Amino acid sequence: MTEQAFTPPTSEWYQPDPALVAAANVPDYEAVYDRARQDPQAFWAKRAEELQWYQKWDQVLDASNKPFYKWFTGGKTNMALNALDRHVKTWRRNKLAIIWEGEPGDKLSLSYWQLWQEVNKFANVLRGMGVKKGDRVTIYMGRVPEIAIAMLACAKIGAPHSVVYGGFSEQALASRIEDAQSKVLITCDGAWLRGKIVPLKNTVDEAAQRSPVVETVIVVKRTGQDIHMEGGRDYWYHDLMALPIAKPRAETEIMDAEDPLFILYTSGTTGKPKGVLHTHGGYQVYTSTTLSWAFDIKEEDRWWCAADPGWITGHSYIVYAPLILGATSIIYEGAPTYPYPDRWWQLVAEYGVSILYTAPTAIRGLMRFGEAWPQRHDLSSLRLLGSVGEPINPEAWRWYHRVIGREQCPIIDTWWQTETGGFMITPLPSVGLKPGSATRPFPGIEVDIVDDDGAPVGVNEDGNLVIKGPWPSMIRTVYGDDERFLSQYWAKYQKQGWYLAGDTARRDEDGYLWVIGRNDDVLKVSGYRLGTAEVESGLVSHSAVAESAVIGVPDELRGNKIFAYCILVAGAEGSPALEAELKAHVRHEVGPIAVPAQIEFVDNLPKTRSGKIMRRVLKAQALGQPLGDLSTLED
Ligand code: WT7
C-alpha cells in the first residue's frame with residue numbers, strides 16, 4: 001500500500017549553478033561519493049576528526065554484533081562540547097547562535113556565549129534537582145528558545161531527553177513518559193498558535209495523573225494565563241534559574257561515543273510508538289557533515305529550518321547540527337499564515353534568511369494564497385531551499401523554485417527518517433535536480449531498491465528501499481525493545497544485513513531515486529508520521545466503537561488524509577453527531593494531527609481468513625479503483 005498522489009516525471013532537469021558549485025563546501029559530489037564508497041570507515045574517521053573529542057576513538061566501526069553497530073568506540077565526547085563549549089573559546093562567542101521570533105512578534109537573540117551560559121545554568125538546576133547521567137527527561141514544550149536550552153542542558157549532564165511534540169495529547173504524552181520512565185518533565189504554561197493559547201500545562205497535569213512516575217515538573221512561563229501549579233511537584237523555570245545553584249558555569253559530562261543522547265518516539269506499525277535511540281558520537285559526526293555538505297552552510301549564513309524542535313528534523317537540524325557548525329539558526333514559534341499568509345516571507349526579509357528548509361505540505365499551504373504575498377517582500381537573501389517529510393509534488397517544487405527562489409536557489413529535497421538521524425538521499429549543490437526526486441544517496445551511504453526477495457528491481461520499477469551498510473547516526477535500538485528493533489528494520493533482509501526503510505521507491509534511467517511513499521501501515525499526513533494502529537486504538541477507546549480500520553487517501557494539501565471505518569457496538573447508532581464526537585475523542589486521545597477527515601460507519605470490515613484487516617481493499621474502494629486480488633478475503 002503506497003501513499004503517493006503524484007506521478008513523478010523524470011525528464012525535467014535543473015543543472016547546478018557553476019558559481020554556487022565552485023564555492024560549495026563540497027564541489028564534486030561524484031568524487032566524494034566514490035572516495036567514501038572505497039573506504040567508508042576512513043571517510044567517517046576523517047569527518048569525525050573535524051570535531052573535538054575528550055579522547056579519540058579506538059575503533060571507527062564495531063560490527064561484531066550486527067545489526068547492533070557501534071561507532072567511534074572508545075571515543076569520549078559530549079554533544080555540548082561541540083555544539084557550545086568549543087565555540088565560546090573562539091570569536092564565535094560573539095556570533096548569534098539562535099534568533100527567535102515569537103508568534104505575537106516578540107523577539108530574542110542569543111549569542112553562543114549567552115546560549116552557553118543559559119545551558120550551563122539550567123544544567124546546574126537539573127543537577128540540583130537530582131537529575132543524573134542516564135536519567136531520562138521528558139520535554140513537552142512549544143517552539144521557544146528554552147526548548148533548545150533544555151535539550152542542550154540534558155545533553156551536557158548526560159541525561160537523555162525525550163522530546164514529545166507539543167501537538168500530542170495527554171494519552172500520547174503519558175505513554176511516552178511511562179515508556180521512558182522519566183521522573184522529570186519540562187514544559188510551558190502554553191504555546192501560541194494562530195493567536196490562541198495551546199494549554200500545554202493542562203495536558204501535562206492530565207498526563208501526570210495517568211503516569212505517576214513524574215515527580216518534578218519545570219514550567220516555562222510563555223503565555224501567562226492562570227495555570228494549576230501542584231505544590232511539591234511543579235516549579236517555575238524562572239524561579240529555578242534565579243536560585244544561587246543556577247551558576248553560569250557547569251561541567252560537561254564526559255560521555256562515551258555510544259552513550260545515549262536522546263530517545264525520540266515515532267510511529268510504527270503497531271499502536272505503541274517506538275523510542276528511537278540516538279547517541280552522542282556518531283550522531284554528531286553525521287548530522288554536522290550532512291548539513292554542511294547538502295545545505296552548504298557558511299559562516300555568514302542565516303539558516304532557518306521551519307520544523308518543530310519536537311521532531312527529528314528539529315533535533316538534528318534546528319538545534320544540534322547548526323550549533324556544531326557554529327551557524328546561526330532561526331526558530332519561529334507560530335503558524336506560517338498568522339496573522340497573514342506572508343508571515344514567513346516577512347521573516348525571511350527581516351532576518352536576511354539565506355537558507356530555508358521546510359515541508360511540501362507547508363509549501364502547498366502557502367501556494368494556495370497566491371504569489372502576491374511573497375512578492376511583497378525582498379527574498380533576495382535566499383540562496384538555497386530545502387524540502388523534507390514526504391515526496392514533493394512537481395507543481396509545489398516549481399512554485400517554490402520560481403516564486404520563492406527566483407529560479408536561483410537549488411531545492412535540496414532530503415529523504416530521511418527519525419531512525420536515520422540525518423539526510424540519507426539528498427542532492428548536494430553540485431548535483432543536477434529533477435522536481436520530485438531526492439536525487440542521489442549522501443556520500444558514505446549505499447541504498448538500493450529491491451523486491452521482496454532482495455533482488456534489485458529494474459529501472460523505473462517500484463521496490464522496497466533498503467540501506468546496505470551502517471552509518472554513524474543510525475538508530476541504535478528501539479528503547480527497551482531490542483526485539484522490535486530487529487523485527488522492524490532487519491528481519492526482512494536478515495540474510496543480506498540490510499536496513500528496511502519502509503518506503504517504496506524507484507530509480508530512473510539516470511540513477512535518480514524517487515521515493516513514492518510508505519509501504520507499511522504508517523501514514524504521512526501533512527508530513528507528520530502516524531500509525532494507522534494509533535488512530536484505530538484512539539477510535540476503539542470510545543465506548544461506542546467495537547472495531548475500526550484507518551487508511552490514508554491522497555489529498556492535495558496534506559499529502560494524505562485519514563479515512564476511518566468503524567463498526568459500532570450493539571445498540572449504538574451511527575450519526576453525524578457521533579462522527580463529530582469520535583473526531584473530538586481522537587483529538588483528545590491522540591492529538592489534532594490524528595483526527596480523521598471522514599468516518600464511515602460499517603457493518604463489517606474486509607479481513608483475511610487469519611483476521612487481518614485488508615486496508616488495501618478499503619483504500620481501493622475509497623479511490624474507486626479495482627479491488628485487486630481478493631483470494632485471501634474471508635468473506
Ligand atoms: C518518512 C520518515 C526525516 C524528517 C522528517 C520525517 C517520508 C521524509 C522525504 C522526502 C519522500 C520522505 C518517508 C520516510 N519522507 N522525507 N524528501 N521524500 N519521502 O521523518 O517522521 O521519521 O518520517 O517520511 O516516507 O520513511 P519521519
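Which loop holds P67? Select the stretch between β1 (59-62) and β2 (70-73), and P67 is there. (Helices, H or I of at least four residues, and strands, E of at least two, are DSSP runs numbered from the N terminus.)

Before going on, some ground rules. This is a predicted model, where local features need pLDDT of at least 70, side-chain atom pairs count only at pLDDT 80 or more, and totals for chains, interfaces and linings use all residues. Residues are numbered from 1 along each chain as its sequence is written, and side-chain values use heavy atoms, with hydrogens and water left out.

You'll find P339 in the loop between β17 (328-332) and α12 (343-351). Next, pick Q181, in the loop between α7 and β8 (184-188). Q181 isn't a glycine, yet its phi is positive, near 50°. For background, most residues other than glycine have a negative phi, and most peptide bonds are trans.

**Two helix pairs**

Show α7 (residues 170-180) together with α8 (residues 200-210): they pack at about 50°, with axes 8 Å apart. (Axes are lines fitted to C-alpha atoms, for helices over the stretch in contact, and angles run from 0 to 180 degrees between N-to-C directions.) α7 and α8 are therefore oblique to each other; under 35 degrees counts as roughly parallel, over 145 as roughly antiparallel, 65 to 115 as roughly perpendicular, and the rest as oblique. α7 passes α8 in a right-handed crossing, meaning the near helix is turned clockwise from the far one by less than a right angle.

Then bring up α6 (residues 145-157) with α11, packed at about 60° with axes 11 Å apart. That makes α6 oblique to α11, and α6 passes α11 in a right-handed crossing.

**The ligand**

Now zoom in on the polar contacts (N or O pairs within 3.5 Å). A side-chain N or O atom of D413 is 2.7 Å from a ligand nitrogen. On D503, a polar side-chain atom lies 2.7 Å from a ligand oxygen. For K524, the distance from a side-chain N or O atom to a ligand oxygen is 2.9 Å. Taken alone the ligand exposes 560 Å², of which the protein buries 95% (Shrake-Rupley method, 1.4 Å probe).

Definitions and conventions:
Polar contact = N/O pair within 3.5 Å; in protein donor to acceptor, adjacent residues only side chain to side chain.
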